[in-house]
Amino acid sequence: MNKTDRMLAIVLELQRKELLRAEDLAAIFETSVRTIYRDIQALSESGVPIIGATGIGYSLVDGYFLPPVNFTAEEAVTLLIGTDWIEQHFDAGYGAKAQSSQKKIEAILPQSAREEVERIRSTMKLVTANGYQISDDELRFMELIRSALIEKRKVSFHYVKSLPEADGNRHSFRVVAPYGLVLVQGTWTLLAHCDLRNELRHFRLSRMKELALLQEEYCLPDDFHLEQYKPPDDRNIQVRILADTSIRDKMMESRNFFMEKIEEHPDGLLVSLRVRHPEDLLKWVLGWGGDVVVLEPDSLRKLVREEAQKMLERY
């Protein structure tokens with residue numbers, strides 16, 4: 001990296017972070033601290049308002065922002081595909097912002113770069129995962145939850161669980177403190193602290209009803225960081241399935257969330273999965289018809305037999 005490129009990159013780093021030491025910048029750009037000192041001095045002399053304090057680091061004066069920089073065609077394509085994705089998967093508020101961002105990016109591109117970007121984009125297409133289209137209710141819920149996250153206010157909703165409780169009931173009323181929104185396999189999920197269970201829980205927006213923003217406020221724990229959060233793995237039931245070799249390709253492409261590995265076996269393909277409940281795989285297993293056999297556990301084998309018997313009685 002030459003000096004000019006490095007100085008521009010230094011300003012971008014200072015713009016992105018509030019405070020950086022010379023040692024930090026030297027590590028980022030793989031150069032000496034002395035070189036960073038010289039670059040900072042040159043930037044200051046050229047009019048970039050950099051504040052420096054011995055032993056603390058460098059920062060930019062509040063309000064300073066570097067004018068738009070030129071993008072390569074590949075960089076522009078990356079950003080524009082990102083705006084396409086946000087427009088498809090986020091609520092109307094962010095969808096509109098994605099469109100305006102797209103126009104601004106395209107506006108600053110030279111004509112030659114704009115033509116190359118359009119040519120590259122014409123060769124790519126985003127398709128919603130599994131053909132799933134987010135509902136109007138989910139889009140509305142997402143916007144409301146974003147407000148709750150920003151304002152640190154609790155929300156309430158009626159929730160329908162995928163599996164019933166011991167009493168057979170699947171419906172419950174929840175009051176939660178939102179911690180973050182996560183997109184999992186094309187489905188938006190709310191990570192929140194549940195007042196009813198007094199612990200972190202995951203709630204699919206598609207299973208919510210009558211979501212409401214409450215006046216009650218909450219404080220996010222200081223040690224919680226969404227990007228570092230990993231849900232506890234409570235999939236303790238081991239499932240083994242033997243599949244016919246005729247569906248090898250389809251099985252490989254199925255990418256089931258619970259699947260751990262697929263191994264060659266003298267009688268076919270040995271598929272290993274881990275689940276929380278045997279019911280989690282019932283419909284998936286039935287979808288393969290007679291091309292798969294559940295080897296274990298017996299509880300899942302029993303569920304398959306019972307469901308097959310119900311189907312036989314209907315036909």
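**Close-up 1. Arg–aromatic contact between R235 and F257.** In this predicted model, R235 lies over the face of F257, 5.5 Å from the ring centre. A charge is taken to sit over a ring if NZ of Lys or CZ of Arg is within 6 Å of the ring centre and within 35 degrees of the ring normal. Residues are numbered from 1 along each chain as its sequence is written, and side-chain values use heavy atoms, with hydrogens and water left out. As the model is predicted, local features need pLDDT of at least 70 and side-chain atom pairs count only at pLDDT 80 or more, whereas totals for chains, interfaces and linings use all residues.

**Close-up 2. Aromatic cluster of W85, F90, Y94 and W188.** Ring pairs link these four residues, W85, F90, Y94 and W188, into a cluster. Rings of Phe, Tyr and Trp (its six-membered ring) pair if their centres lie within 6.5 Å; planes under 30 degrees apart count as stacked, over 60 as edge-to-face and the rest as tilted. The count by this rule is ten aromatic pairs. The W85 and F90 pair is edge-to-face, because the ring centres are 5.9 Å apart and the planes stand at 65 degrees. F90 and Y94 also form an edge-to-face pair, with 5.7 Å centre to centre and 80 degrees between the planes. W85 is partly exposed, at a relative accessible area of 32%, and Y94 is partly exposed at 36%. Buried means under 20% relative accessible area, exposed over 50% and partly exposed in between (1.4 Å probe, protein chains only).

Close-up 3. Helix α10 covers residues 298-314; helices (H or I, at least four residues) and strands (E, at least two) are DSSP runs, numbered from the N terminus. At 1.5 Å a residue, its 17 residues should span 24 Å, which agrees with the 25 Å between the end C-alpha atoms; the expected span is 1.5 Å times one less than the number of residues. The buried residues of α10 are L300, L303 and V304. They cover an arc of only 100 degrees around the axis, so they lie on the same side of α10; the arc is that of the directions from the helix axis to the C-beta atoms. These buried residues pack against β8 (237-243), α9 (282-286) and β11 (292-296), contact meaning heavy atoms within 4.5 Å. The face turned away from the buried side of α10 carries the exposed residues D298, R305, L312 and E313.
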